[in-house]
Amino acid sequence: MIVWWIVLALLALALVVVWARSRRRRARVVPEPERAPMPEVLVPRVAPRPELDDGPGLDRRLASSRTIFDRVRSITSQGALTADQLEVVEEVLLRSDVGVATTAALLDQLRAQGAPDGVASAIRAALLASLSAERTVRTTADEGRVAVWLFVGVNGVGKTTTIGKLAWHETQAGKSVVLAAGDTFRAAASDQLQLWADRTGADIVRAGEGADPGSVVHDALGRAQARGADLVLADTAGRRVNNANLLDELAKIRRVADRSPGQVVETFLVLDATTGQNALSQAQEFLSAADVTGIVLTKLDGTARGGIVVAIERELGIPVKFVGVGERAKDLVAFEPTAFVDSLLSA
Amino acid sequence: MFDSLSGRLERLSTSLRSRARLSDADLEDALAEVRGALLEADVELSVVRAFLDAVRERVRGENVAQSLTPGQHVIKAVHDQLIDVLGGSTLKVTYSSKPPTVVLLAGLQGAGKTTTAAKLAAWFKQQGRQPYLVGTDLQRPAAVEQLRVLGHQVGVEVYSEATDPVTVARAGVAEATRLGRDVVIIDTAGRLAIDEALMAEVRAISATTSPHYTFLVIDAVTGQDAVHTARAFHDSLALSGIIVTKLDYDARGGAVLSARGVVGRPVVFASTGEKLGDFDLFHPDRMASRILGMGDILSLIEQAERTMDADAMADSAQRMMSGAFTLDDFMAQLNQIRKMGSLGGLMRLMPGMTKDMRDAAKNVDDGELNKIEAIIHSMTRRERREPQIIDGSRRARIARGSGSSVTAVNQLLKQFEMMKKTMKQMSTGGMPQLPGGMGRMAQMASRAAAQRGDAMPPGFEALASGMRSAAPAAGAGGGARGKKKKGGRVTPPKNR
């Protein structure tokens, strides 16, 4: 019998959905293809930037797996593009999570332009051309305001760890940093950030579980201003992107962080390199909800290639700014397109 | 989930429908579509190839049934193969005759192991077991603390100490034995499959504790890398199964197909939301029908049986049928539904949802329920019993009292009336005009009920049989729009 009560209950549920839908404001912002030009106040980073090649994981991988790239190279000398060559390229790209649509577009490009220097260098050039966006990282705010880096992403991509590592980099570079433990949802997320604060000597503002993340960010701004700190790194709870309410909440956090004395100079989408095509919708949704200015690609030291960022940069114009290639703080390094593309093609 | 796959298959079906005979070229075109859909769903390339070969085999090898057009034939082959790949039945968890039964969880960083450990503990508890959690993730800062908090939430003790992971695991199992617990769940640090040192460590943990079950925890949004990870962990630990997490993301979930295709071990559990209750055994057949957009009514029924108060539901159902359904009953029902889990998760399980409704469902969270609750609570007792007496000034009062708008109150009342009318029609054997997918849902429910041998109350036969002609009236009452409040407080994320 219970089945029938459930049917009734579900009719009630359907009512709720219809009600919600009719109330829902559907202001889906279509991401603007043209992004505003970067402001003039860009300041080059003070700290020397380690080369991507320093990453132990990438080194190891580059050395160990050359097979398909060699296959591509071995068929390069024969001049014109053959179907076989294109198929190999397609396979490499698909296996790196570049995605069906972007792979097709790159292959079309190859067919149209030909490959005078062989297919390997042609695809390398095409990939590099897709990764040509400006990657400067802005660390200073306007006069009298506190610069804020806001970190957003889905669950489990490594937001808190990324913040810890960047806090290390920035304090090493002589900046005074305040961490805002805005992930008040995940159990012990604040504790995790606290440990990073202890490690790096950064200041931290935290609140109890279930506290309003906006108020945590607001308090951190107050603290930063009072102490004359240079930079606030604001953590947020991981959230899935198919829920408008969670995205609205994020937009609110961003507004709070951008209210004087705060100024959001970078909004980083933290992305896990093992993620597949879902990363594209993540980028889309976070872009419209929080105006993402850069991507931190984590866990690139595993077997995953993270090729989806090619699609993201081509389609949404969001550049990758940092990559994580290991566990240690110094394994979070500036993104280098050439090293990345070579690693992608070494699949 | 899997929207792209089922969507493509639908389109494919339309384009092939008119063909009388299927040429080889047609077949290849169709398979190219399937290939694209699978790749977009993150199914690994070699798994895709094997899948397509098998479908080709099926199409060529089988006699075309008279009733099927060539297009339908291809689609049927795809369906059948999908069910094959996802695997037969559910893994039955058995318990060691010499307790405790040891369960080891391993996986990459951020796959959701710690949360899964707590959810699994809650699941075992629900099965009448006495689980014990052991936290060996001494690497990620505060990982053990996270496990402790979660363990506390599900009422399961957590063991850990600041030594090294292997020692903790051994001591944890010993402690569980001493306490007489019958299931031990060991959470481990996230590790990369290519990290030799850490893989050796997890092998050592495995060797020390000799787990009865070793599960790989894998994120549903994983891309092509799913196979590398699954294979490497399988080679190292001899997995007994896979637990897939974050199935509630838009994740087309190709990782499920990839990992299963490569490792050949079943997907045992699936986690479908942030709440600790959003976790259950994985049913391949149901997943297959979910991929194909047929919903998953069986899971829904099971979830309901576990959580709902049958007497209370029976009561309000009775009143519903007799047309005496009040807003109070409605509230009681909503509270029952609430106990079943997050609304978005429930909606995804419902079969025959139109795309519109599914999109709407994504945005319904318990906050919406709170709003409805607030509105109803702002009514007097009499208003709840006889909503028809609610006039303009009452509406304004209710809107003020609940912090909503008159429009919202109007909408709620309108929808409630509609629902009441539908109920009444049902009970008199009429053909109710149900919003789009609800019709198919009721159909599925009746079929499921028949399978289970449940009796059908009067009125439902009509509902079940009349469904096919139910008009897609999903958009009813969708005109007005609630105003967005400006400058409101930032909502705390409690109600997710």
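Biologist: Why are H7(A) and H8(A) called roughly parallel to each other?

Modeller: Their packing angle is about 15 degrees, with the axes 9 Å apart. Axes are lines fitted to C-alpha atoms over the stretch in contact, and angles run from 0 to 180 degrees between N-to-C directions. Angles under 35 degrees count as roughly parallel, so these two helices qualify. By the way, this is a predicted model, where local features need pLDDT of at least 70, side-chain atom pairs count only at pLDDT 80 or more, and totals for chains, interfaces and linings use all residues. Residues are numbered from 1 along each chain as its sequence is written, while chains are lettered from A and ligands numbered from 1 in the order in which they are written.

Biologist: How do you know that B:Thr116 is buried?

Modeller: Count C-beta atoms, placed from the backbone: 20 or more others within 10 Å means buried, 12 or fewer exposed, and in between partly exposed. B:Thr116 has 24, so it's buried.

Biologist: What is B:Thr116 in contact with, leaving aside its neighbours within four places in sequence?

Modeller: B:Leu105, B:Val217, B:Ile243, B:Thr245 and B:Ser271. Contact here means C-beta atoms within 7 Å.

Biologist: And what makes H5(B) largely enclosed by the rest of the structure?

Modeller: Twelve of its 14 residues are buried, so that's the description it gets. Among them are B:Lys113, B:Lys119 and B:Trp123.

Biologist: How does the reach of H5(B) compare with what's expected?

Modeller: The expected span is 1.5 Å times one less than the number of residues. H5(B) reaches 20 Å from first C-alpha to last, close to the 20 Å expected.

Terms used:
Contact = placed C-beta atoms within 7 Å. Helix = DSSP H or I, 4+ residues; strand = E, 2+ residues; numbered from the N terminus. Parallel < 35°, antiparallel > 145°, perpendicular 65-115°, else oblique.
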